Amino acid sequence: MGRDELWVVAACFNEEGLICQFMESVLQLEQVDRLVLMDDGSSDSTVSVIRAWQKGHPDAPVTLLELTRNFGKEAAMLAGLDYAKRRCAAAILIDSDLQHPPERIPAMVAAWRDGAEVVTAVRDDRDEESLMKVATASWFYRVFNRLVDSIQLQEGAGDFRLLSAPVVEAVTQMREATRFSKGLMPWTGYRSVEIPYSRVARAGGNSSWSSLKLWRYALDGIFSFSVKPLKVWGVIGVLISCFSFLYAALIVLRTLVFGIDLPGYASLIVAILFLGGIQLIGIGVLGEYIGRIYIDVKQRPHYFIRAVHESEGTAIPFADRRS
């Protein structure tokens with residue numbers, strides 16, 4: 001291993017049917033010096049398939065970090081970047097399901113050698129996705145960019161990125177428990193270049209990202225980079241208070257002019273339910289922030305690695321590995 005090398009870092013989760021094709025697609029590129037795979041607690045035979053491939057290709061520069069369980073993609077990517085840190089000149093994050101085309105890596109490397117510190121692959125189409133998913137993704141980017149002042153996310157930019165060594169160092173220094181890499185990487189402020197790519201359909205297997213997981217990930221992004229949702233409820237409270245004062249003045253005026261009338265039961269119930277709903281939503285937003293604070297203050301490690309498997313066929317327990 002040398003610090004002038006280019007590494008490719010990819011998280012794996014239940015990719016037994018595609019992982020060999022992915023490894024061969026990446027390693028055939030002359031720009032790639034090493035491939036680092038992080039198995040994020042796969043329940044299928046992904047680890048066995050990778051280990052068998054390593055034994056059949058003892059000279060291939062492939063390293064497998066076997067996590068002890070499923071910690072999530074963000075934690076797996078952090079594990080890969082921690083391993084690559086101070087060992088290579090640049091690292092490329094890529095999905096192992098082949099929806100990020102390895103064929104774009106040479107263009108990313110060329111942009112990096114021309115001076116870019118970050119090279120972001122931006123998706124130029126969404127033909128493979130439903131109209132609902134395209135609409136919700138577009139809505140998320142608009143909401144995020146409206147709420148967050150420090151950075152702006154470009155629609156179509158994901159985790160397919162080349163990070164130079166200083167950027168890898170910067171990203172791994174940020175150890176918050178709730179990670180949103182799409183925001184963390186541009187937040188570092190390093191010079192970025194964008195190149196387009198077209199994502200292809202999965203050649204096999206199913207995506208582990210359900211609608212609920214995508215929704216939670218979107219909330220993680222917003223709550224990790226903005227406190228405006230908290231401030232919004234203060235504004236809503238002021239507006240409701242002003243409306244209440246105006247309505248009270250109207251009631252007094254009507255009583256003075258027309259006399260006392262019998263208040264409506266339906267309007268009273270509607271008002272109670274409306275204000276109760278507003279309060280619960282506000283408490284829910286506050287709870288999202290408090291929950292993230294609670295998780296962060298425990299300072300638990302993001303991941304544990306059972307073993308580091310090198311191409312030579314050896315398994316190095318993570319506790320015994322020396323950086």
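Biologist: What makes L98 buried in this predicted model?

Modeller: L98 has a relative accessible area of 11%. Buried means under 20%, so L98 is called buried.

Biologist: Where is L98, and what is said of its phi?

Modeller: L98 is in the loop between β4 (90–93) and α4. Its phi is near 70 degrees, a positive value in a residue other than glycine. Most residues other than glycine have a negative phi.

Biologist: Why is N14 called partly exposed?

Modeller: The relative accessible area of N14 is 27%. N14 lies in the loop between β1 (6–12) and α1 (19–27), and has a positive phi of about 55 degrees although it is not a glycine.

Biologist: How do you know that α5 and α8 are roughly parallel?

Modeller: Helix α5 (residues 131–147) and helix α8 (residues 211–225) pack at an angle of about 10 degrees. Angles under 35 degrees count as roughly parallel, so these two helices are given that name. Their axes are 10 Å apart.

Biologist: Which residues make the contact between α5 and α8?

Modeller: Among them are W139, F140 and F144 of α5, and W215, I222 and F225 of α8. By class, the contact has ten nonpolar, one polar and one charged residues.

Biologist: Which residues have the most contacts inside the largest nonpolar core?

Modeller: They are F22, L37, I92, I105 and L162, in a core of 35 residues. Helix α4 (residues 105–113) gives the largest share of this core, five residues.

Biologist: What does F22 touch?

Modeller: Not counting residues up to four places away in sequence, F22 touches A10, L35, L37, I94, D95, S96 and L98.

Definitions and conventions: Residues are numbered from 1 along each chain as its sequence is written. This is a predicted model: local features need pLDDT of at least 70, side-chain atom pairs count only at pLDDT 80 or more; totals for chains, interfaces and linings use all residues. Side-chain values use heavy atoms; hydrogens and water are left out. A nonpolar core is a set of buried Ala, Val, Leu, Ile, Met, Phe, Trp, Tyr and Cys residues joined through side-chain atoms within 4.5 Å. Buried means under 20% relative accessible area, exposed over 50%, partly exposed in between (1.4 Å probe, protein chains only). Helices (H or I, at least four residues) and strands (E, at least two) are DSSP runs, numbered from the N terminus. Contact means heavy atoms within 4.5 Å. Axes are lines fitted to C-alpha atoms, for helices over the stretch in contact, and angles run from 0 to 180 degrees between N-to-C directions. Angles under 35 degrees count as roughly parallel, over 145 as roughly antiparallel, 65 to 115 as roughly perpendicular and the rest as oblique. Ala, Val, Leu, Ile, Met, Phe, Trp, Tyr, Cys and Pro count as nonpolar, Asp, Glu, Lys and Arg as charged, and the others, Gly among them, as polar.
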